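Please keep the sequence and the structure at hand while reading.

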Amino acid sequence: AEAAEAAAGQQAAQEPLVAEAEGLRLHLSSSNNTGYKGVYQSTSNIFVAKRAASGRQVSLGQFGTAVEAAVAYARAVGEAEGEAAEEAVAATAAEAEGEAA
């Protein structure tokens, strides 16, 4: 019971880190035992961040805490989403220029 209370207290202390860290929105997951999407705990208590890119799993590194790994995942996903959004805007602008000509 004491261990559960200590774990709950530690989780409450990290509560501000759960939804946001370094200004990034962390991707929570109820189906992952770390609590974060793309974050896995190895047998040696190292947290590994991975994401899918072009149909393959890409390792983003090894980290000491789940939060650090979740931040790495959030950065990688955010960068990929940012690049995709920029490409979509450029394509739309090119189409608009083509229609105007």
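Of the 101 residues in the protein, 22% are buried, that is, under 20% relative accessible area with a 1.4 Å probe and only protein chains counted, with exposed meaning over 50% and partly exposed in between. The model is predicted: local features need pLDDT of at least 70 and side-chain atom pairs count only at pLDDT 80 or more, whereas totals for chains, interfaces and linings use all residues. Residues are numbered from 1 along each chain as its sequence is written, and side-chain values use heavy atoms, with hydrogens and water left out.

**Confidence**

- The mean pLDDT (the predictor's confidence in each residue, from 0 to 100) is 74, and 56% of residues reach 70 or more.
- Over residues 6–17 the pLDDT falls below 50, and this stretch has three contacts in the model beyond near neighbours in sequence; a contact means heavy atoms within 4.5 Å.
- Where pLDDT is low, the predicted coordinates should not be read in detail.

**Overall architecture**

- The protein has three helices and five strands, in the order α-α-β-β-β-β-β-α from the N terminus; these are DSSP runs numbered from the N terminus, with helices being H or I of at least four residues and strands being E of at least two.
- Among contacts between residues at least 6 apart in sequence, 28% join residues at least 24 apart.
- The accessible surface comes to about 7100 Å², of which 51% belongs to carbon and sulfur atoms; the areas come from the Shrake-Rupley method with a 1.4 Å probe, and for residues only the protein chains shown count as cover.

**Nonpolar core**

- The largest nonpolar core has twelve residues, including L26, Y36, V39, F47 and A49; such a core is a set of buried Ala, Val, Leu, Ile, Met, Phe, Trp, Tyr and Cys residues joined through side-chain atoms within 4.5 Å.
- β4 (47–53) and α3 (66–100) each supply at least two residues of this core, and α3 gives the most, with seven.

**The surroundings of T34**

- T34 lies in the loop between β2 (24–25) and β3 (39–41), and it counts as buried because its relative accessibility is 13%.
- A polar atom of the T34 side chain lies 3.3 Å from the backbone nitrogen of Y36 and one lies 3.0 Å from the backbone oxygen of V39.
- Residues up to four places away in sequence aside, T34 touches V39, Y40, Q41, F47 and A66.

Methods
Polar contact = N/O pair within 3.5 Å; in protein donor to acceptor, adjacent residues only side chain to side chain.
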